[in-house]
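Hi,

Here is the structure I promised to pass on.

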Amino acid sequence: MKNSSKKIALVTGANKGIGFEVARQLGKAGYTVVMGARNVKLGQEAVAKLRAEQLDVCEVELDLGRPETIEAAAAMIGTEFQRLDVLVNNAGIADAADGLPSTAKIDAIERVMRTNFIGAVAVTQAVLPLLRKSAGARIVNVSSGLGSLALHSDPNWEYAPVKILGYCASKAALNMFTVQLAYELRDTTIKVNSADPGYTKTDLNGNQGHQTVEEGAAETVRLALLPEDGPTGGYFATAGPNPW
Ligand code: NAP
């Protein structure tokens, strides 16, 4: 058991991409970061990279598709740290068989919803008792501009042609989780927000994004480090609030 006065963060899908960079930046901000990875070896390799930068990180097996790993991760954090100050629901997938509303494969829609939406809800529910023990916890749901109904309704929006039903619906559902959980927790010190990273060069999009991972992680990190008078129940990109 560690009796740490340092703040503790859990980042899901932290072995690469935006999640890895969020873990790095929270580590640099002085947090102890628990790096969730579904592949234990990849998680250990990611931890080794950040420890080489003198950051205080550890790995935990966390596969959104395997509820027993979610429960075990929550139990480990409870035993080691007794509380959690930041949860970043970052892990997510796109699926090659997802696509336009008329043709997207049903099983692909189901896979994406299960990971990007239901997985985030399950992790949050599992660690919420630990977040309640923090003086002022922050939950950041890593959404996407593609989760905005308002932006998708504008035919002139830059990404209007990107109608990938399962992925977009999973992020819209994640946004609903943000709004409802923030309302439910409105009388607590816990803040819940959605982050839109922007189009970022990672494996998720075959490294086609135009932003660096540093740029893609920035808004999520800002929301994870919000001061007491910061917002809750919001949806933000680096440039400012997104329309829902
Ligand atoms: P990425 O490089 O593909 O990283 C995704 C991470 O999620 C990986 O660590 C992956 O683990 C993990 N993951 C996937 N399924 C999982 C599961 N079932 N259980 C646990 N972990 C799982 O993609 P990224 O771009 O950094 O994406 C991070 C988040 O940003 C996602 O939620 C994504 O939707 C969102 N986002 C990205 C962009 C963008 O342009 N890149 C834009 C908007 C939103 P493995 O290594 O084992 O696959």
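At roughly what angle do the axes of helix α1 and helix α7 cross? They cross at roughly 55° and come within 8 Å, with α1 covering residues 17–28 and α7 residues 213–224. (Axes are lines fitted to C-alpha atoms, for helices over the stretch in contact, and angles run from 0 to 180 degrees between N-to-C directions; helices are DSSP runs of H or I with at least four residues, numbered from the N terminus.)

Before going on, bear in mind that this is a predicted model: local features need pLDDT of at least 70, side-chain atom pairs count only at pLDDT 80 or more, and totals for chains, interfaces and linings use all residues. Residues are numbered from 1 along each chain as its sequence is written, and side-chain values use heavy atoms, with hydrogens and water left out.

Back to the first pair. α1 and α7 are therefore oblique to each other (under 35 degrees counts as roughly parallel, over 145 as roughly antiparallel, 65 to 115 as roughly perpendicular and the rest as oblique). On the α1 side, the residues in contact (heavy atoms within 4.5 Å) are Gly17, Ile18, Glu21, Val22, Gln25 and Leu26; they meet Val213, Glu214, Gly216, Ala217, Thr220, Val221 and Ala224 of α7. By class, that contact has seven nonpolar, four polar and two charged residues (Ala, Val, Leu, Ile, Met, Phe, Trp, Tyr, Cys and Pro are nonpolar, Asp, Glu, Lys and Arg charged, the others, Gly among them, polar).

The other pair is α4 with α6. Their axes are 7 Å apart, at an angle of about 20°, and the two helices are therefore roughly parallel to each other. Among the residues making this contact are Ile109, Val112 and Phe117 of α4 and Leu165, Tyr167 and Phe177 of α6. Here the classes split into 13 nonpolar, four polar and one charged.

Now for the inside. There is one cavity of 30 Å³ or more (a set of points on a 1 Å grid over the protein atoms alone where a 1.4 Å probe fits but cannot get out, lining residues having an atom within 4 Å of a point). The largest cavity holds about 50 Å³ of space, the volume being what is filled by probe spheres set on the points, which are joined across faces, edges and corners. Its lining includes Thr12, Asn89, Asn116, Ala120, Lys171 and Leu174. Helix α4 (106–131) and helix α6 (165–184) each give two or more residues to that lining, and α4 gives the most, with four.

Cheers

Notes: 1 Å grid on protein atoms, 1.4 Å probe; cavity = no way out; pocket = protein on both sides within 12 Å on 5 of 7 lines; lining within 4 Å.
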